[in-house]
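Student: I am new to this structure and would be grateful for a close look at one part of it. Please take the place where the two chains meet, and then set it in its surroundings.

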Amino acid sequence: MSARSNILKKLKNIKLSHGKKDFKIDVKKIVPNFKNSETFFRAKSIENNCIVETAKNIDEINEKILNFIQANNYSSDLFVWPSIKTLNFSPKFKINSKKYNNEKVGVTSCFCGIAETGSLMFVSSEATPMSQSLLPESHIAIVRRGDIVRTMEDGFNKYFVEKSIDRLDRQICFISGPSRTADIELTMVIGVHGPKRLLTLIVDDL
Amino acid sequence: MIPCLKKKMLFNPSNFKKNYNKNINNPGLKKSLFRSRKIVDSRKIAIKSVSDFELLRNYSSEIKNNSISNLYELLINWEKNAKKNGTIVHWAENYEDVNKIIYKIAKKNKVKNVIKSKSMLTEESGLNNYLKKKKIKVTETDLGEYIIQNSNEPPSHIIAPAIHKSKEEVSELFSRIHKQKITNNIEELTQQARENIRPHFFNADMGITGANFLISDSGSTVIVTNEGNGRMTNTLPKVHVAVTSIEKCISNFEELSLMLRVLTRSATSQNISNYISITTGKKKQKELDGPKEFHVILMDVGRTKILESDTWEILKCIRCGACMNHCPVYHTIGGHPYGWVYPGPMGAILNSSLLGNKIAGDLPYASTLCNQCGVVCPVKIPLPELMVKLRNKKFKSMNIFKFEKIILTFWSFISKNPSIFNFFVSITRKILKLQANKKNYTPSIFGLKFGWFIKRFLPKPK
């Protein structure tokens, strides 16, 4: 007998009914009742130690990125998602969207923003890999104002409009602020293995 | 059968009494453990960021009740969907199988270097030692796990494994292994770890993680981390293995969203952890990153046995650590005396349910039954009740001539008979009065300091 059939056989024979059958979740009773998702998203992102800025168009995006890399003494090398490399990035930047080459800054857009927790939702694909938001020392994430939803449930619902649940993309990832730890004396330190800084750019459109 | 119990004395629950006595008298440890009380305060603030935390606890408890009752259907559905997305699914009934499956995958892929993000189940199976013997290098990448791996110690907390270490100890350790200057600055120490672990991520050919949840509807695994090592481990190496146990399976994304709200607040007092990765299958064609092979190992190892027993509720546990953060016993003795992978109230129950009475029968006594753990448990496990059940079980299986059994049988006899009870109380009062000092305290009985009197006085009866 294989381990699989043994385990499943045991599970099948154990008849349990610990849960209530008519059980329903009402998320509205749990989530705080905020009016403006963008304002709430912004406040929560700052709580998560993100830097939050807004930009109207690509020129302003270029300006904010430039300010950011100058303020942190980074070079102009950017590790960018293939999906947004065709944006009119300023010629001042050197754009790489293939294999990670020790760039200090990763630039991505995102699937949506989650207001309740100030999180960004990412979905992996050919044009939206996971490395850009993970390997560089800083991560700049561009989120469209219209893509900010209230809760994680809303994020999933938005995703499942186009996706069948049994055929998901390899990874869905929620990022909420730069990486952190409290493993030494429970003292919080920002920047362990993932990015040390996360700049969220809220834009009108992309 | 239980690989990691063989060697070190420290790491064995049958030495519980000896080990806690050693820890009680360690002032450095006391200082470290005292620090952990700040999680109690930060949790109080964190749970206010939802409108009704009690309702949230009810919901998550109900989700776990339901999923544990329907594991058969959930797991079959999970496996079907996981396979559809290219995940290779393994089942394991015992620890040897878990280790062997991992070694087989490693051998097939010619793996030399393994990176691990936190995984308690491979801690249970003693995987690191097993792979070391097979000449495969394993590097723990969670900062806390990295610290204890390099100091050859077991974890003492499920969320903050190195909670018992002071920054001075970490600094001494790092200066030795990194050959860098001694610094007591925690940020610099973290930076050192970042720089020294980073190359391991890129060199590794295999990544091993745990999984906080499995989602039946989509065949996904979910891991929750703050440091980003979990994401590194499931993104960079060519092979990713997630080791998880069967009771982690829930139905859908609605349940996941809810469980995450309760988990992160209870574990690290955050509204949400920094990184939540939901992984479904291997790297897709043309994708630039991700593993070429994705394996999930579903472990039973005693879970089905617990499921049938009267301590089944411990399987609802989502490993947040809130029970130990709030436990006065844990705060006094630390995590190591529990002698196995899981410390604190949930550890006392799980260790003893998994390892049995003979090895871990003393652990359910590591509680004052104050129910702090029961009140904070995000999935409403009645921890003190379960501990009493386990004590009961141990008592029943005890040899009739055992001192403890004789005393307790005697005690139960007199407490059921009011006149005999009163008789003994009056004698005790007389002795205590007789032995009291001028300050109206009784520090010892006939000069003997035992049990209660070792650390405390009794007041003189009126």
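Tutor: The account below begins with the contact between the chains and then turns to each chain.

This is a predicted model, in which local features need pLDDT of at least 70 and side-chain atom pairs count only at pLDDT 80 or more, while totals for chains, interfaces and linings use all residues. Residues are numbered from 1 along each chain as its sequence is written, and chains are lettered from A and ligands numbered from 1 in the order in which they are written.

Where the chains meet, 57 residues of chain A are in contact with 79 residues of chain B; two residues are in contact if their C-beta atoms, placed from the backbone, lie within 7 Å. On the side of chain A that touches chain B, the elements giving two or more residues are helix H1 (3–13), helix H4 (152–160), strand S9 (171–175) and strand S10 (180–181) of chain A. Helices (H or I, at least four residues) and strands (E, at least two) are DSSP runs, numbered from the N terminus. The most is given by H1(A), with 8 residues. By class, this side of chain A has 27 nonpolar, 17 polar and 13 charged residues. Ala, Val, Leu, Ile, Met, Phe, Trp, Tyr, Cys and Pro count as nonpolar, Asp, Glu, Lys and Arg as charged, and the others, Gly among them, as polar.

Strands also pair across the two chains: S9(A) and strand S9 (residues 275–279) of chain B run antiparallel over 5 bridges. Two strands pair if DSSP finds at least two bridges between them. Within this pairing, A:Ile175 has B:Tyr275 as its bridge partner.

Chain A has 4 helices and 12 strands, and its C-alpha trace spans about 65 × 45 × 45 Å along its principal axes. Of its 206 residues, 44% are buried; a residue is buried if 20 or more other C-beta atoms lie within 10 Å of its own, exposed if 12 or fewer, and partly exposed in between, with C-beta atoms placed from the backbone. Strand S7 (residues 138–144) of chain A is largely enclosed by the rest of the structure, because 6 of its 7 residues are buried. S7(A) pairs in the parallel sense with strand S4 (residues 105–109) of chain A over 5 bridges, where A:Val105 has A:Ser138 as its bridge partner. S7(A) also pairs in the parallel sense with strand S12 (residues 197–203) of chain A, over 7 bridges, and there A:Ile142 stands opposite A:Leu201.

Chain B contains an open sheet of 6 strands in the order S1-S10-S7-S4-S2-S3, with parallel pairing. Its edge strands, each pairing on one side only, are strand S1 (88–92) and strand S3 (137–140) of chain B. Inside this order, strand S7 (residues 239–245) and strand S10 (residues 293–299) of chain B pair in the parallel sense over 7 bridges, with B:Val243 opposite B:Ile297.

Elsewhere in chain B, helix H17 (residues 344–355) and helix H20 (residues 383–397) pack at an angle of about 35°, with their axes 10 Å apart. Axes are lines fitted to C-alpha atoms, for helices over the stretch in contact, and angles run from 0 to 180 degrees between N-to-C directions. The residues of the contact of H17(B) with H20(B) divide into 8 nonpolar, 1 polar and no charged.
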